[in-house]
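Hi,

Here's the structure I promised to pass on.

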Amino acid sequence: MTSQTLNYSRRDALRLAALALTASVASCATPPARVSSTPASDQTASALPLVNALRAKNGLPPLKIDTAAGAAAAYQARRMADAGKMEHLIGIGDDFGKRVKASGVKLPAAENIAEGQRDVNAAVIAWINSPKHLHNMLGKYDGLGVALAYAPSSGGRPYWSMVLSSI
């Protein structure tokens, strides 16, 4: 084998590797829709008085239950529970705006997430104690949806999602 043949083979191998990587990334860019079997419970009615008390204390109007925001929150809580991690964006190509709009949420909207709190009071307190989450709860929103899902892979670790919306 000559050095020219060896260089040609190496170049071909690099091209094939690049092509395989491109095909792999392209197939991940738009993941197939996956329906989670993990249940999520609607916690909006329990969270609403807590959030509205916070808003009243800050001279803001109360929020109302927004079923679309509740659906978006449930979807996110299930996704986090399935993944076993607390993140706003899970997977390549995830987009908050597209995700909540797919649930019928009107923009602008915001999302608060939490992990590990055993009840709605603890989740809301955790959000109040976080400046960015507190800012969302005191924002110019009208609607609220809150959901909880337990991670099947981690012995039932709780994952919370709150979606604030414009209705």
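Predicted model: local features only at pLDDT ≥ 70, side-chain atom pairs only at ≥ 80, totals over all residues.

Residues are numbered from 1 along each chain as its sequence is written, and side-chain values use heavy atoms, with hydrogens and water left out.

I took a salt bridge as a side-chain nitrogen of Lys or Arg within 4 Å of a carboxyl oxygen of Asp or Glu. That rule gives two of them.

One joins Glu111 to Arg99, at 2.9 Å from N to O. Glu111 sits in strand β3 (residues 110-115) and Arg99 in helix α4 (residues 96-102), so the pair links distant parts of the chain, twelve residues apart (helices, H or I, of at least four residues and strands, E, of at least two are DSSP runs numbered from the N terminus). Both partners are buried, meaning under 20% relative accessible area with a 1.4 Å probe and protein chains only; exposed is over 50%, and partly exposed is in between.

The other brings Arg157 and Glu115 together, again with 2.9 Å from N to O. Here Arg157 belongs to strand β5 (residues 157-165) and Glu115 to β3, 42 residues apart. Arg157 counts as partly exposed because its relative accessibility is 34%, and Glu115 is partly exposed too, at 26%.

As for β3, five of its six residues are buried. It pairs with β5 in the antiparallel sense over six bridges (DSSP has to find at least two bridges for a pairing), and Ala114 stands opposite Trp160 in β5.

Cheers
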